[in-house]
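Please read this briefing alongside the sequence and the 3D view. The points below are grouped by topic.

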Amino acid sequence: MKKFTSAIAALAAASAVALAADQPQTRSLGESLYSISVGDVTMTIDAAHGAKILSFKRGDAEIISQLKMFNAFGSTFWTSPQSEWNWPPVAEYDRLEYQVEQTPTSLVMEGKTSERFGYSIRKKFEADPSDEAIVVTYSIVNRSDQTRKVAPWEITRVPGEGLIFFAAKSSDITPAGLMEFNDKYGAAWYSFDEAKENRKINADGKGWLAYEGNNLLLVKKFPDLKPSQPAPAEAEIQVYVNQGTSFIELESQGAYSELAPGESLNYSVKWYLVPSQGKGVPSKKLLKTVNKLVK
């Protein structure tokens, strides 16, 4: 009886550990770094430097660019249209310290108000245990005394390699011919090709953007926009390819919205990271996996 009881206790303890591993967990890693994890997926954020997402892993496999060059790594957030601030990105949004509120299952990071543009940015990181996904909700708060129009814009940098695809026709991607997209299975597919110049395209998708690389499939789900909803000269989906084999930016934008003083808008992006065979070619199987995730 004693051995039987001990076996039951050991099984219960093992089950408790397995259950805990499936539940969202947040950790302070020191030196302004925080992580949120669920199942095998972990996201790491640097609160001291723009609340930038530095890492997104499944197990030990990384999907985010780790280049140690300015604006060549991690995932960040800007306001749109870019024509309002041009370049470089606004420091309060992109590079300066964010204040952190940590709970056992979520992280909320609040940025400083830009004196020049009158917005502050808030980022909330939560996990969805049902599909091992991380949900990032961005908020733009109008701290000025004027009614303004603005759109949210997430920028995620991945290595200069791999396969990118989304639900659109290649004939509708602009500028035409800048990057070679192929139409297959109801999606537009781009297999990385090295070039000496930087390139960027715009597209009207269906609320998701996918990237395959390092034997992983990254899928980002966000609100599907009508063609009239993005900010002027912007788009729901954008892909920027830096010259050489350095990095690629996977970009999505939300609706161009009017904000009265004190008002805010929210923009949520759900990040999935699942294993992939890493063949780097269009396939029905890849598209089926995406459709199952974003349904």
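**Briefing on a predicted model**

Pro 175 is found in the loop between strand S12 (163-166) and strand S13 (182-184). The peptide bond that joins Thr 174 to Pro 175 is cis, with omega about -10°.

**Backbone**

- A cis peptide bond also runs from Ser 80 to Pro 81, where omega is near 10°.
- Pro 81 belongs to the loop between strand S6 (75-80) and helix H2 (91-94).
- Glu 132 has a positive phi, near 50°, although Glu 132 is not a glycine; its place is the loop between strand S9 (119-128) and strand S10 (133-142).
- Asn 215, another residue other than glycine, has a positive phi near 60°.
- The loop that holds Asn 215 runs between strand S16 (208-213) and strand S17 (216-221).
- Asn 215 counts as partly exposed because its relative accessibility is 46%.

**Nonpolar core**

- The largest nonpolar core has 77 residues, of which Met 43, Phe 56, Phe 165 and Phe 166 touch the most other members.
- Strand S21 (residues 264-275) gives the most to this core, with 7 residues.
- Leaving aside neighbours within four places in sequence, the contacts of Phe 166 include Ile 173, Phe 181, Trp 208, Ile 237 and Val 239.

**Aromatic pairs and charges over rings**

- The count of aromatic pairs comes to 13.
- One of them is the edge-to-face pair of Trp 78 and Trp 153, with 5.1 Å centre to centre and 90° between the planes.
- Trp 78 lies in strand S6 and Trp 153 in strand S11 (residues 148-159), so this pair ties together parts that are 75 residues apart in sequence.
- Both Trp 78 and Trp 153 are buried.
- Phe 181 and Tyr 190 form a tilted pair, at 5.5 Å centre to centre and 35° between the planes.
- Phe 181 is buried, with a relative accessible area of 9%, and Tyr 190 is buried with 1%.
- Trp 78, Trp 85, Trp 87 and Trp 153 are linked into a cluster by ring pairs.
- Lys 52 lies over the face of Phe 73, at 4.8 Å from the ring centre.
- Lys 220 lies over the face of Trp 271, at 4.8 Å from the ring centre.

**A buried serine**

- Ser 35 is part of strand S2 (residues 33-38).
- Ser 35 counts as buried because its relative accessibility is 3%.
- Not counting residues up to four places away in sequence, Ser 35 touches several residues, among them Gln 25, Arg 27, Met 43 and Leu 107.

How values were computed:
Residues numbered from 1 in each chain as written. Predicted model: local features only at pLDDT ≥ 70, side-chain atom pairs only at ≥ 80, totals over all residues. Heavy atoms only, no water. Helix = DSSP H or I, 4+ residues; strand = E, 2+ residues; numbered from the N terminus. Buried < 20%, exposed > 50% of the residue type's maximum accessible area, 1.4 Å probe, protein only. Contact = heavy atoms within 4.5 Å. Core = buried A, V, L, I, M, F, W, Y, C linked by side-chain atoms within 4.5 Å. Phe/Tyr/Trp six-rings, centres within 6.5 Å; stacked < 30°, edge-to-face > 60°. Lys NZ or Arg CZ within 6 Å of the ring centre and 35° of its normal.
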